[in-house]
Amino acid sequence: MIKKSIEEALNKQVNREYYSAYLYLSMSSYLDSINLKGFAHWLRVQAREELAHGMRLYDHLIAMNGRALLQPIEAPPEEWKSTQEIFEQVYDHEQKVTAMIAALMDLALEKKDYATAAALQWFVTEQVEEEANALAILEQIKTVGDVPGHLFYLDHHLAKRE
C-alpha cells in the first residue's frame with residue numbers, strides 16, 4: 001500500500017506532466033501559426049511523451065493500490081517572441097521537471113518506498129535525455145540565429161521526429 005505523502009506527491013506530478021503536455025502543445029500551436037511546422041511537430045511529439053509520462057505515474061499509483069486524483073491543469077502561455085525563446089523555455093522547463101523528479105525520488109527513499117523509487121528511476125534516466133535534446137535544439141537555434149533559411153533547415157530536420 002502506498003503512503004499518503006507519496007500518493008499526494010505522485011498525483012501532483014501527474015498534473016505537472018499534463019501541464020508539460022499543455023505547454024508543449026501551446027508552443028506547437030504557436031509555431032504552426034508562424035509556419036514552422038517542423039518545430040511544431042517536434043513539440044507535438046514531445047507533448048505526447050509528456051502525456052505518456054503522466055500515465056506511467058498514474059498506472060504506478062493504481063498498481064500500488066493508491067488513487068489517482070486529477071486536478072485542474074493550469075493554462076500555459078500562448079505567445080512567444082521567437083523560436084529561441086520557446087526552446088529556452090523548453091530547456092528551462094525540463095530542468096524544472098528534473099528537479100521535481102529528484103524531489104520525488106528523495107521522498108520515496110526517505111519513506112523507504114523502494115517500489116516507487118524503482119519506478120522513478122525510469123524518469124531519472126528519461127530526464128537526462130529530455131534535457132539533452134532540448135539543449136541541443138536550443139544550441140542549434142543560437143548557432144543559426146534568426147536567419148530564416150537556417151531556421152527552415154532546422155525546421156525540416158525536426159519534422160522527421162517520430
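Partly exposed here means between the two cut-offs: under 20% relative accessible area is buried, and over 50% is exposed, with a 1.4 Å probe and protein chains only.

Some ground rules. This is a predicted model, where local features need pLDDT of at least 70, side-chain atom pairs count only at pLDDT 80 or more, and totals for chains, interfaces and linings use all residues. Residues are numbered from 1 along each chain as its sequence is written, and side-chain values use heavy atoms, with hydrogens and water left out.

Now the overall picture. The protein chain has five helices and zero strands. Both are DSSP runs numbered from the N terminus: helices are H or I with at least four residues, strands are E with at least two. The C-alpha atoms fill a box of roughly 55 × 25 × 25 Å along the principal axes. Of the 162 residues, 45% are buried.

Back to Glu 139. Which side chain does Glu 139 meet in a salt bridge? The partner is Lys 142, at 3.9 Å from N to O. A salt bridge needs a side-chain nitrogen of Lys or Arg within 4 Å of a carboxyl oxygen of Asp or Glu. Both residues lie in helix H4, three residues apart, about one turn of the helix. Lys 142 is partly exposed too, at 42%.

The whole structure has five salt bridges. Another one joins Glu 49 and Arg 161, at 2.9 Å. Glu 49 sits in helix H2 and Arg 161 in the segment after H5, so this pair ties together parts 112 residues apart in sequence. Glu 49 is partly exposed, at 22%. Arg 161 counts as buried, at 17%.

The test is NZ of Lys or CZ of Arg within 6 Å of the ring centre and within 35 degrees of the ring normal. Likewise, the charged end of Arg 56 sits over the ring of Trp 122, at 3.8 Å from its centre.

On to the rings. Four aromatic pairs turn up in the whole structure. In Trp 122 and Phe 123, the ring centres are 4.9 Å apart and the planes stand at 85°, so this pair is edge-to-face. Rings of Phe, Tyr and Trp (its six-membered ring) pair if their centres lie within 6.5 Å; planes under 30 degrees apart are stacked, over 60 edge-to-face, and the rest tilted. Trp 122 is partly exposed, at 31%. Phe 123 is buried, at 3%. Phe 39, Trp 42 and Phe 87 form one aromatic cluster.

What about the interior? The largest nonpolar core has 26 residues, and Phe 39 and Phe 87 are among those touching the most other members. Such a core is a set of buried Ala, Val, Leu, Ile, Met, Phe, Trp, Tyr and Cys residues joined through side-chain atoms within 4.5 Å. H1, H2, H3, H4 and H5 each give two or more residues to this core. H1 gives the most, with seven. A second, separate core of 19 residues includes Ile 6 and Val 97.

Last stop: Asp 113, in the loop between H3 and H4. Asp 113 is in contact (heavy atoms within 4.5 Å) with residues including Ile 2, Ile 6 and Met 64. Asp 113 is buried yet has no salt bridge. The nearest side chain of opposite charge, Lys 3, is 6.1 Å away. For charge, Lys and Arg count as positive, Asp and Glu as negative; His and the chain ends are not counted.

Terms used: Lists of a residue's contacts leave out its neighbours within four places in sequence.
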